[in-house]
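Here is a short note to read beside the model. Keep the structure open and follow the points in order.

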Amino acid sequence: MNRKKDKAFESPLHITYLHCFSIVAFTTHQVVCINNINFQRKSVIGFVELTIFPTVVNLNRIKLNSKQCRIYRVRVNELEAPFIYNDPTLEVCHHESKQRNLNYFSSAYTAAVSAVDPDAGHGELVIKVPSELWKQDDLKVLKVYIEFSLDQPKGGLHFVVPDVEGSMAERGAHVFSFGYQNSTRFWFPCVDSYSELCTWKLEFTVDASMVAVSCGDLVETIYTPDMRKKTFHYVLPIPTAAPNISLSVGPFEILVDPYMHEVTHFCLPQLLPLLKHSMSYLHEIFEFYEEILTCRYPYACFKTVFVDEAYVQVSSYASMSIFSTNLLHSAMIIDQTPLTRRCLAQALAQQFFGCFISRMSWADEWVLKGISGYIYGLYLKKTFGVNEYRHWIKEELDKIVEYELKMGGVLLHPTFSGVKEKDNPTPHLHFSIKHPHTLSWEYYKMFQCKAHLVMRLIENRISMEFMLQVFNKLLSLASTASSQKYQSHMWSQMLLSTHAFLKSISNVSGKDIGPLIKQWVDQSAVVKFFGSFAFNRKRNVLELEIRQDYTSSGTQKYVGPIKVTVQELDGSFNHTLQIEENSLKHDIPCHSKSRRNKKKKIPLMNGEEVDMDLSAMDADSPLLWIRIDPDMSILRKVEFEQADFMWQYQLRYERDVVAQEESISALEKFPTPASRLALTDILEQEQCFYKVRMQACFCLAKIANAMVSTWQGPPAMKSLFTRMFCCKSCPNIVKTNNFLSFQSYFLQKTMPVAMALLRDVQNLCPKDVLNFILDLIKYNDNRKNKFSDNFYRAELIEALTNSLTPAISINNEVRTVDNLNADVRLILEEITRFLNMEKLLPSFRNTITVSCLSAIRQLQKNGHIPSDASLFKSYAEYGHFVDVRVAALEALVDYTRVERSSADLQWLLNMVQNDPAHYVRHKILGMLCKNPPFNKATDSALCNEALVDQLWKLMNSGTSHDWRLRCDAVNLYYTLFGLTRPSCLPLPELGLVLNLKEKKAVLNPTIKPELGVSSVMDTNYFIKTPSMGLKRKAETPLGSPPEPGQVLQQQEEDARGGRYKIRFNTMEDEDIDMETVHDSQAFIHHHLNLLERPSTPGKEPPSVEQSMLSMPATPVPSFPKETTSSSSKHGAEHGHHHHHHHHHEHKKKKKKHKHKHKHKHKHESKEKDRERDNSHAYSNSPASGRSLRSPSLSD
Amino acid sequence: LDPGRHDGTGSLLKIGGKAATSPAENYHLARRRTLQVVVSALLTECGFESAEKAAVETLTEMMQSYITEIGRCAKAYCEHTARSIPTLSDTVVTLIEMGFKADTLPVYAKRSQRMVITAPPVTNAPVTPKALSAGQKRTHPAHIPGHFPEFPDPHTYIKTPTFREPVSDYQVVREKAASQRRDVERALTRFMAKTGETHSLFKDDITAFPLIAAQPSTIPYLSALLPSELELQTLEETDSSEQDDQTDSENAAGNIISDDPGADKENSMLPPGGVVPSAKASEDNVIDNPYLRPVKKPKVRRKK
């Protein structure tokens, strides 16, 4: 490629061409062959071969996705092909940048991700098709063969190699693929898009003692000639997107499902009995989905693999799912059973929608997540019952409402009308939702939650039958398409778009759900209702007032129908009201006159007739209770005001668990004996849903505390617990455990925890209660129980923790054993014994240790024992069970916040960077966000420049191997510093701007992105740092002679010497709006021509113009040629410091200088620079190195 | 053990000890003292003016042995002839047997220079401690005359039932079980803590609440997921005991029914140990699953 062509590429016009790339060629088949997996070195060697159909003539280059792979050679149809490997996401902003504001980072990051977005036809790997192949007129199939290797991959593949004696198989070493969204590019070159389908042939050669499990059908397994290894040959004839391809290799134990022989389960050595038990149920889930979808499972086989150190609990790929091994459990464990089954059901739902049917684009993600979440909900309803289902829906609704009200809306179907940043549909967020890779994890979870809730809304609208018909139709279309030979229009039936989904709905149901989609899908935010009512006795009318808050963040206005259910004396009546623009009041005529027939039974909504004690109600009103939107058919929060007795009636007599739960939360505000009675009654009511009863426990504790001065009788729940769980003959001793009745079990677990929250008038936990809990621990006897009591014991420890209150401290004395409170001594005694026993007889998932650690932290926090982090640190180390580590880390995060310990914060951040377990790294950042050591509103000694730099580095380059982790780091940065430049940083050079016109000095709003240092560019742009002459006006008062243009200056202070710095005077130009980076980039472009000229003395345009393409690239400082040698690394780093000193010095001299880096670098040398520059960045030298040397490039 | 018996043996061991207080000991000491007096008298008779204590002691011992032997032997002769109390002739025979000329005895007894010693103080003869009576002695069967000796205690030849009144109070039992377990656990963990590395929660007193130090393990999920042997053991026990309770639990099943379908479902869904139905197990042999197929041998290269 000659330079002219390069220039052409730089022009923005060319973008159009590149965006069209996705239709200039199609991958139809891909071979992945990994012929060596080295567990010792954690490396992988293999090749891929893509079969590509060009759809245009003159296809001269092919872009593929590849990250961290070392590429040795590329051949197209047997001809060596030159290639370039460049990944702008490795380092988002060049590290010399002094930019520290998050707005700037976010847009730069989005730009970097866009630059390699496969959906837009981009990629990190650009292959030049040899001219012999594309200069002909006919369209010939291209076979692209790429040899690659991976060395100690940080993302994409995870090696678990326990450090013990023995062969790899004996050690239980295994490796598996992982990632968030499309992350397959991390372990082999591909078109890493959900919308690019092809068929697959997968070959994996592994040690003879290992099994390789991958997607598709295992055709055969063949020994290698030396008989020491075997090769697994998989064929996946169903067109599948690369992100849905996975692999796991390990010495797995194999279990063929006894009910379905096509289903095979794999677990790590020794866990087979657990696997047998945990999987004994899977066939029922299969049957359920196949039945409701009236469609067979689309793949010929299904595999479940259980691995250690899993990235997420469940991840689904074509015809296989990878689970965390911690989901396995024995028959003795109660609590884990429903959780594991839920995970299995989720995985299977995603097999149909997500793996088999893939998405057309990122904006259509909600449909797939929505459908899989929705059918998973149907499974929950069938298996765990309607109560559990409704409870779950309420829980999910509360979650999304809380999130949206706090963080601003969640948008399911973003449309990006233009390339302009200004069109950002979610300006309230500190990240872009344009790509899955820029989303915060929390947001993505909420996104999925909202998606399935919206599907449920659609179901409400068009009925479940139609809903299932739509799914069936989508699946049949896809399976017809999947059996076809490659025909582009057919395979696209396997991709689901919002449009196709809506069309299908309208075809099947004939209903228009446009308004619904507009409200919940095309628009973010939820609805917030406030309701109150008055009863008009004269007219016998209920005057209901429903107001909305649609101005605060995360809220929207709702217009449309709303259902209101009124329970009157004569029965329950549904009313549908129309919420309109200006009508707040709604008159609802009542059916019953107030209390005519006192003796009559009262009919409920479900037809049941019950006797009620009506003495509590208002004699003038026939209303028992009122519910707004009882079916949860709006994504809303309702704050409804009704009298306490109405809530109590609702709790006692309304049969819907959601209503019961709502009334329990409402009753917290009414601490009266009547509320107490209602709650106690529900607690005793065995027909009542157990989760409602559990919630009632906590509410009762709150009410008891509020009524502490008037409380009569024993502490709340004590007599109840005694009656339910203690021996008849000796009420202080609990019965020996028998957990056969699960409702009782859950109640037995919960009540002590709630009781421990009781406080007496001195605000201490009553002595009675503490002794009671200690007795429960003492007399706990599980010998005759067929279930494990580990969760129960863990809850008892939690109860002890809850009973703690702050120690009375005199003059901050040091906590010693001697001044330990007697009660606390007892508690500590128990905790010590529990924690020590766990070492000898570990409990399932080490639940006891987890509880003990949080108890110890609570003791420390309340000042009973000296605050100390070392215990938690030792439990947080790699090598403990993950739950234990997370518990210890949580305690550490809390310790860091309370003690403001910078050493411990460093310790945590160090673990974020170095821990082998990805989940733990993710979790630490998540916990730091939840419980931050400080935040943008507070001042803290921890908040300093070094920390800012460290975190910046972490998100900028340290986390490039894990999309999720990078977004976590962004979140943390946001939590700590906000969107703008952190306040703890010294003001940039131009801290004061003297405005002579107005005769005042103003602080330079450092929030604004600094233009002067560096910037990021989108694809096809070379960033040019703008240089602007200093405004004389501003300069003169500072006493510095304006330096026109640039000055080439030797840096005497530079110890390494001989380096030249190009200094620029630069200053923000008032005339130009620099609010956003986008604008600044526009500005940059505006000035491109000007800067293009090599006007810099001593700076020559690089002569080796080898680039065949302009690459998306991050800016690199320009160094004279001699520094491109290995010393440039130091040069780059020290140069940075150097600038610093220099600035200060010049500040003193009242001289304003700024450096300008000209980025007229070739990306090859950037690549080199970066590779040496940055230890975090994955070194990919052979790829770039080779391409540099590649002879064909010099043509 | 019975305290009385214990004392009896103790007294024998403590002969010559200073603090002898029990009546049995007193009796024995008095006899011994008399013997010593006799030996001393004989020595005087023979013309000794003084004797070392040890010599007197030795002689006393010899004398005692001699007399004891005469007694034992005489008793043996008498029992040999199916009597229970020795007669004069038994004693004579014994003396002769022991090489003593019995006919010289009257002369010796009547010698002139013999010394008369005072009578030994009257002490109460030791009461032979009652043999532990346990259980009912058997009566003679019909064919054995009533005057025959009684049967000994049954525990001496049949069995020794040593049961105590069981504590049947539920509360006490639970209390005891609970504190016993707690004590064992505490002792065990303290021991473990003392023998290994520990964490301490307090700076001032490291031993106050010793926590066994956390040791990272190489494969942490194994111990966290697999049930411990103890748990498996209890599971087996409860499984077997469940069979006895079968009828019981069937009755109880009616009570467990509730309106929570989730939990109910689970009840039925948890097969013990995830056992695969046996009918299915036999089918396993014919399952065609690609992962169960034998690994193929590499193809021999035909070309080259």
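**Notes on the model**

1. For "domain: Bromodomain associated", an unreviewed entry, UniProt lists residues 27–104 of chain B. Such annotations may be inferred rather than shown by experiment. Over residues 27–104, chain B is 74% helix and 0% strand. The end C-alpha atoms are 32 Å apart. Helices (H or I, at least four residues) and strands (E, at least two) are DSSP runs, numbered from the N terminus.

2. This is a predicted model: local features need pLDDT of at least 70, side-chain atom pairs count only at pLDDT 80 or more, and totals for chains, interfaces and linings use all residues. Residues are numbered from 1 along each chain, chains are lettered from A, and side-chain values use heavy atoms, without hydrogens and water.

3. Look at the sheet in chain A. The sheet is open, with 5 strands in the order S16-S17-S18-S20-S19 and mixed pairing. Strands S16 (253–256) and S19 (314–317) of chain A stand at the edges with a single partner strand each, so one side of each has no neighbour in the sheet. Strands pair if DSSP finds at least two bridges between them.

4. S16(A) is joined by 4 bridges to S17 (residues 263–267) of chain A, and the two run antiparallel. A:Ile254 stands opposite A:Phe266 in S17(A).

5. Helix H8 (residues 336–352) of chain A lies across S18 (302–307), S19 and S20 (320–324) of chain A. H8 runs at about 25° to S19(A). Angles run from 0 to 180 degrees between N-to-C directions, with axes fitted to C-alpha atoms, for helices over the stretch in contact (heavy atoms within 4.5 Å).
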